Amino acid sequence: MTTTSDTNIKTYTPISKNEIITNTTYRNNIASNYTELIENFEKSFRYEENKNEYWGPTELSIFYGSPLYIQASETQKITLNHLYWITQYNQTASTEANAVLYNQITEGVFNAVGGYEILCKELSLETEQEHTHIRAFHSVGYATRNALFGNTAFTRPKPIQSKINSSHKSTNISLFLPNLNWESLKEDAWKQISIRLSSGNGKAFYSEYLLSLHKMGKRIPVQTTGLLGQVVPQSVSKLLTTNFGSSPFSACFFYATRYMANMLLKNWEQRYLQHYKYLEQSGRHIPVPVAISYYHMLDESYHTTISQLISQDLYKDFNKPTLYEQFMANAVFYRGQELLLSGLSGVMPSTFRNDGLFLQPLYKILTSPVFSFDHDTALHWLRRALCEEHDGYHMNIKHHHRLITTMKQAFQPLNYLWPVNRQLGIMSSGCSIERNLRANKKDFDLFSKSSEQVKNY
Amino acid sequence: MLSFLAIAIMLSNDVKVTPSTAEIESWLRQYLAKVLEISEQDIDNYANFDNYGLDSAIAVSLTGDLEEWLGRRINPTLLYNYTTIASLSENLAIEISNES
């Protein structure tokens with residue numbers, strides 16, 4: 001970095017550790033061809049050509065370790081292995097869509113601050129790469145679902161219970177003031193609140209990306225899926241989005257949540273990398289999804305480095321957070337622990353939430369041509385998988401322990417976090433097979449009670 | 001020979017559809033009505049996809065089916081950012097016209 005001294009003589013300050021890491025990561029990332037390889041693999045993917053092989057280690061399969069898995073045929077086991085891949089990468093695609101949006105918003109803040117040009121270039125590059133990743137996960141998922149379940153059969157949603165709540169309905173006030181754009185006013189209010197309560201320099205550091213959306217008359221997107229879409233209630237989603245774009249601290253905090261997502265991903269994707277290497281070393285055929293996983297993990301390693309750098313070190317370059325920013329950061333982190341890290345799935349390895357949410361898709365798998373169970377048989381195997389202790393739970397608890405260790409190392413240095421967040425208190429205390437069996441039993445009973453509705457569904 | 005070529009082009013999967021916002025809205029309404037097994041009249045253009053019980057898996061199917069209909073690839077993040085028929089149609093139409 002070049003600076004000018006008081007005497008107008010140019011001096012060269014030593015490049016900082018953060019700059020070295022940023023520059024090296026960007027240089028290596030731009031020189032790599034992992035994204036292009038993923039794109040090529042995606043275009044060549046045909047389910048028929050990959051359907052007879054496992055797409056990862058057998059333990060990365062839906063229902064692995066449960067009584068159902070033990071009695072399943074080899075073909076069914078392979079399909080459960082494929083379904084695990086597409087389910088996990090469907091979730092990954094949603095979280096990467098979060099990254100696409102928030103990378104752009106936070107890059108707009110770092111651009112406004114100035115002096116972070118290489119970092120901004122790296123973030124732009126990552127955003128482009130995420131597009132390719134999402135497309136690849138979609139393509140493989142789409143082709144696989146269509147081959148296994150036929151078009152739309154698997155994604156058929158739950159029945160509508162009542163009238164749909166539209167956010168566009170007129171209020172009494174808007175009837176009297178028809179020209180008033182309430183959504184736009186609300187967004188402006190969030191912006192003013194965020195700027196006033198943030199540690200940023202007033203409007204000076206407001207995200208250039210958000211400004212460009214305002215100028216084009218576009219709404220701030222609200223994402224309801226992915227890590228952040230699930231953690232943050234829809235009602236405060238826009239406020240959080242505006243916060244990320246209002247100050248360097250909040251922009252940096254986004255990377256703490258991204259780092260959390262990176263570690264959750266790595267916890268299971270590492271196994272695909274090992275599987276790829278095993279196939280390669282033994283000269284065996286490598287199915288396309290395994291290759292996509294392998295190159296995705298390599299591509300994501302740059303993103304993880306940047307998440308770590310910004311969340312652990314770069315935030316120290318800027319003003320300390322205000323009480324409001326500190327509260328929001330801690331609330332989001334706490335909720336993330338509660339929702340995504342403190343449960344224990346009995347059927348989805350390396351997933352740390354209870355299985356209530358998965359009951360319906362699991363039921364669909366069991367009644368689909370993959371198993372062809374009738375209603376009662378499907379419920380029988382679901383109950384055994386979810387409400388009885390089996391190897392799947394014990395294996396998953398090992399995945400959980402490994403992740404706790406990694407997470408603690410990552411977030412311990414963040415001194416603005418509450419102790420319960422820094423020490424991953426919710427995550428650590430929530431992991432009990434007994435507790436999760438109780439929660440699953442409750443959800444399963446509710447599900448089976450509505451069996452008539454399910455039967456007709 | 002020319003007419004044969006023209007027909008071949010028309011029938012090929014490479015034919016790109018450049019629909020208006022209204023046409024995309026109409027396609028989405030029909031699509032959702034079919035998936036949800038409800039009448040098109042019960043579909044609200046301004047209701048969030050979440051309210052219909054559609055989860056992120058639908059984004060995968062919807063993107064794939066939309067791409068087949070349009071004969072072109074679409075920005076895969078559109079369905080995450082714009083979660084109503086109205087907002088998705090508007091932004092998709094803008095994107096398509098920018099590409100054309």
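# A walk through chains A and B

Pro287(A) lies in the loop that joins H12 and H13 of chain A, where helices are DSSP runs of H or I at least four residues long and strands are runs of E at least two long, numbered from the N terminus. The model is a predicted one, in which local features need pLDDT of at least 70 and side-chain atom pairs count only at pLDDT 80 or more, while totals for chains, interfaces and linings use all residues. Residues are numbered from 1 along each chain as its sequence is written, and chains are lettered from A and ligands numbered from 1 in the order in which they are written.

Is Pro287(A) buried or exposed? Because Pro287(A) has 24 C-beta neighbours inside 10 Å, it counts as buried; the term requires 20 or more other C-beta atoms within 10 Å of the residue's own, whereas 12 or fewer make a residue exposed and values in between make it partly exposed, with C-beta atoms placed from the backbone. When neighbours within four places in sequence are left aside, the contacts of Pro287(A) are Asn50(A), Glu53(A) and Trp55(A), a contact being a pair of residues whose C-beta atoms, placed from the backbone, lie within 7 Å. With Asn50(A), the separation is 237 residues in sequence, yet the two C-alpha atoms are 5.8 Å apart in space.

Sorted by class, the contact of H12(A) with H13(A) has 14 nonpolar, 8 polar and 3 charged residues, where Ala, Val, Leu, Ile, Met, Phe, Trp, Tyr, Cys and Pro count as nonpolar, Asp, Glu, Lys and Arg as charged, and the others, Gly among them, as polar.

Another helix pair in chain A is formed by H5 (residues 74–113) and H6 (residues 117–149), whose axes come within 8 Å and cross at roughly 155 degrees. That angle makes H5(A) roughly antiparallel to H6(A), and the crossing is left-handed. The contact of H5(A) with H6(A) has 14 nonpolar, 14 polar and 5 charged residues.

Chain A as a whole has 21 helices and 2 strands, and buried residues make up 45% of its 457 residues. Among its contacts with a separation of 6 or more, 77% are accounted for by residues 24 or more positions apart. The largest nonpolar core has 126 residues, and those with the most contacts inside it are Phe63(A), Cys252(A), Ala291(A), Ile292(A), Val347(A) and Leu382(A); such a core is a set of buried Ala, Val, Leu, Ile, Met, Phe, Trp, Tyr and Cys residues joined through C-beta atoms within 7 Å. H5(A) gives the largest share of this core, 16 residues. Apart from neighbours within four places in sequence, Cys252(A) is in contact with Ile310(A), Ser311(A), Leu314(A) and Tyr315(A).

Phe63(A) sits in the loop between helix H3 (47–50) and helix H4 (67–71) of chain A and is buried, with 29 other C-beta atoms within 10 Å. Its phi is near 70 degrees, a positive value in a residue other than glycine. Ser350(A), in the loop between helix H14 (323–341) and helix H15 (359–367) of chain A, has a positive phi of about 65 degrees although it is not a glycine, and it counts as buried with 23 C-beta neighbours inside 10 Å.

Chain B has 5 helices and 0 strands, and 32% of its 100 residues count as buried. The axes of H2 (residues 21–36) and H5 (residues 85–99) of chain B come within 8 Å and cross at roughly 135 degrees, and H2(B) and H5(B) are therefore oblique to each other. This crossing is right-handed, and the contact of H2(B) with H5(B) has 7 nonpolar, 2 polar and 3 charged residues.

Terms used. Axes are lines fitted to C-alpha atoms, for helices over the stretch in contact, and angles run from 0 to 180 degrees between N-to-C directions. Angles under 35 degrees count as roughly parallel, over 145 as roughly antiparallel, 65 to 115 as roughly perpendicular and the rest as oblique. A crossing is left-handed if the near helix is turned anticlockwise from the far one by less than a right angle, and right-handed if clockwise. Two residues are in contact if their C-beta atoms, placed from the backbone, lie within 7 Å.
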